[in-house]
Amino acid sequence: MTTLYALAYLLAAVLFILGLKQLSSPRTARNGNYTAAAGMIIALAATVPQLHFTSAGAIIVLIGVIVGGGVGTIGARQVKMTAIPQMVALFNGAGGGAAALVAVAELLRFGSHPPINEALPSVFSIVIGSVSFAGSLVAFAKLQELMTGTPITYPGQQVVNGLIAAAIIGFVIAVLAIASIPFSFLSLMVLALILGVAFVLPIGGADMPVVISLLNAFTGLAVAASGFTLNNFSLIVAGTLVGASGSLLTKLMSDAMGRSLGNVLFGAFGQVRTAAGAAAGKEGRRVRTSSIEDLATLLAYSRRVIIVPGYGLAVAQAQHAVRELADLLEKKGVEVNYAIHPVAGRMPGHMNVLLAEANVPYEQLKEMDEINDDFKDADVVLVVGANDVVNPAARNTPGSPIYGMPILNADQAKNIVFMKRSMRPGFAGIDNDLLYDPKTIMLFGDAKDSLTKLVNAVKAA
Amino acid sequence: MTSELLNEFTFFVLAVFVGIEVISKVPTMLHTPLMSGTNAIHGIILVGALVIAANANSPVTVILGFLAVVLATTNVVGGFVVTDRMLEMFKGRQAATKTPEAAKTK
């Protein structure tokens, strides 16, 4: 029987690997998710018969699975498309928390002097799992705008974080060398939770997807460590797969933003002053606005129009309205394309998903490298709720938090129309010079509202 | 090092390489679904949560086990469902590639 269970775990591991492989190609991605889910079901099915339930154990497992399953299903089904990144953060935090609790329970079982090869992975799992749990909750709060999305920094922050980390190392040694009494590993857990919060606070909201990806990799490693404690093959392999692929994915995501991971995680330190100073200098500058009718005429008599969608489009749920406008312009003989920045919105692929929902033809969606040379031939660039991804500061202003990020060359077009709710800076919290450019026309208001008015005006034009 | 620990360590090292190799070429638009998919996979911690919950025999272990099972199940179920919702949208886009030709023939 033991052999059968071991083979089932092996099969689960193979399915996880195949699932990941399929998930990295658009054609097979959805099946990849099913493949991985099948692996999960097999691993769970092979686990349950091996357990010897106490009566209390049977009850808590039953209730726990029902509660967790209900929360997970409802959360995942009800969440709006715009809120998916923070939902992923919550689910990741749940996994990290579970890994830490499993490790605590194992340490309790071993008593005050656990063997080192059991205690070491346990404390690792407690620390990393707790950091992931608390960090994910902060990431959630930032994206859900329960707290400010701008980096939170204070003098001596690095010293404080260093002290927390040092205290954690101290308690780890205490648990391993002296005794794993509840006092020592509960303190460890609390300190790790504080470190998780302190780690994410100084990172801006726009960088949260990268942080969530990193915490996701952390949780994977915590799960793998729990696997060492429990001597469970499936936990080790699946956790490590996630830890490794998650680390690489984190690097790929920061690469897509043109930044190093170190810059994303620790870039906020010392930058607060420069950003604030730059914003102060821009007070009192004028922007140009225009009537809907004038804009409609401009659009209707253009030859080439490029639409740059951003997070504002998602918030306003304006994907259908933007498609209606594009269709109308195409009927009038205007060539319309969409320029998709790799990190437009709050997660990579966010815009593709939204515009696909509105059935925008795939061939109109152009990736940045594909379309960046076409901006200079465009008559109008219509920026719908985007900001940082067209901010020339990324090219021209060394010291700006987004300096070095590849951007869309919207500034090279003959006319630029910004649909924005206000003059507020984008998610990175920096002012955009392009808003004050003489070629730029501002159209304030909700994107869906403005687009609908524009559609009616173009019909009349 | 016991042979069991050595075996486990071998699996660990090999899994690191497989994990990196298997996703090395992923397009930007799949970054988030992939993150969400791997997020669901580390919900395998539910296996560990079941092990400690099944053995629960004191108030402390009952509480720990219950919380671990709830959190881990949320991770697994929510992770897979939300990933599927994201990827559902991509399927919609592939269907959409056919519509422009259909529209032109009208």
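In this predicted model, 15 residues of domain 1 of chain A are in contact with 16 residues of domain 2 of chain A. The domain 1 side of that contact holds eight nonpolar, six polar and one charged residues. Chain A also meets chain B, in a contact that takes 101 residues from chain A and 82 residues from chain B. The points below take the chains in turn, then the contact between them.

**Chain A: overall build**

- Chain A has 18 helices and six strands.
- Its C-alpha atoms fill a box of roughly 80 × 50 × 35 Å, taken along the principal axes.
- Chain A counts 461 residues, and 54% of them are buried.
- Take the contacts in chain A between residues at least 6 apart in sequence: 78% of them join residues at least 24 apart.

**Chain A: two domains**

- Domain 1 of chain A covers residues 53-266, and domain 2 covers residues 288-460.
- The C-alpha centres of the two domains lie 37 Å apart.
- Helix α8 of chain A spans residues 208-230, and helix α2 of chain A spans residues 29-47. Both return below, in the contact with chain B.

- Most residues other than glycine have a negative phi.
- A:E145 is not a glycine, yet its phi is positive, near 60 degrees.
- A:E145 sits in the loop between α5 (116-143) and α6 (157-177) of chain A.
- A:E145 counts as exposed, because it has 10 C-beta neighbours inside 10 Å and the cut-off for exposed is 12 or fewer.
- A:N231 is not a glycine either, and its phi is positive at about 55 degrees.
- A:N231 lies in the loop between α8 and α9 (233-256) of chain A.
- A:N231 counts as partly exposed, because it has 13 C-beta neighbours inside 10 Å.

**Chain B: overall build**

- Chain B has five helices and zero strands.
- Along the sequence, the pattern of chain B reads α-α-α-α-α.
- Chain B counts 106 residues, and buried residues make up 56% of them.
- Among contacts in chain B with a separation of 6 or more, 56% are between residues 24 or more positions apart.

**Where chain B touches chain A**

- The contact takes 82 residues from chain B and 101 residues from chain A.
- On the chain B side, the elements that give two or more residues are α1 (3-22), α2 (31-41), α3 (45-54), α4 (59-96) and α5 (99-105).
- The largest share of the chain B side comes from α4(B), with 33 residues.
- By class, the chain B side has 50 nonpolar, 25 polar and seven charged residues.

**Helix pair α8(A) and α2(B)**

- The axes of α8(A) and α2(B) come within 10 Å and cross at roughly 25 degrees.
- Angles under 35 degrees count as roughly parallel, so α8(A) and α2(B) are roughly parallel to each other.
- The crossing of α8(A) past α2(B) is left-handed.
- From α8(A), the residues that meet α2(B) are A:P209, A:I212, A:S213, A:N216 and A:G220.
- From α2(B), the partners are B:T32, B:M35, B:T38 and B:N39.
- The residues of this contact divide into three nonpolar, six polar and no charged.

**Helix pair α2(A) and α3(B)**

- α2(A) and α3(B) pack at an angle of about 15 degrees, with their axes 10 Å apart.
- That angle also falls under 35 degrees, so α2(A) and α3(B) are roughly parallel to each other.
- The crossing of α2(A) past α3(B) is right-handed.
- α2(A) makes the contact through A:A43, A:L44 and A:T47.
- α3(B) makes the contact through B:L46, B:V47 and B:L50.
- By class, the contact of α2(A) with α3(B) has five nonpolar, one polar and no charged residues.

Terms used. Residues are numbered from 1 along each chain as its sequence is written. Chains are lettered from A and ligands numbered from 1 in the order in which they are written. This is a predicted model: local features need pLDDT of at least 70, side-chain atom pairs count only at pLDDT 80 or more; totals for chains, interfaces and linings use all residues. Helices (H or I, at least four residues) and strands (E, at least two) are DSSP runs, numbered from the N terminus. A residue is buried if 20 or more other C-beta atoms lie within 10 Å of its own, exposed if 12 or fewer, and partly exposed in between; C-beta atoms are placed from the backbone. Two residues are in contact if their C-beta atoms, placed from the backbone, lie within 7 Å. Domain bounds come from an automatic or database domain assignment. Ala, Val, Leu, Ile, Met, Phe, Trp, Tyr, Cys and Pro count as nonpolar, Asp, Glu, Lys and Arg as charged, and the others, Gly among them, as polar. Axes are lines fitted to C-alpha atoms, for helices over the stretch in contact, and angles run from 0 to 180 degrees between N-to-C directions. Angles under 35 degrees count as roughly parallel, over 145 as roughly antiparallel, 65 to 115 as roughly perpendicular and the rest as oblique. A crossing is left-handed if the near helix is turned anticlockwise from the far one by less than a right angle, and right-handed if clockwise.
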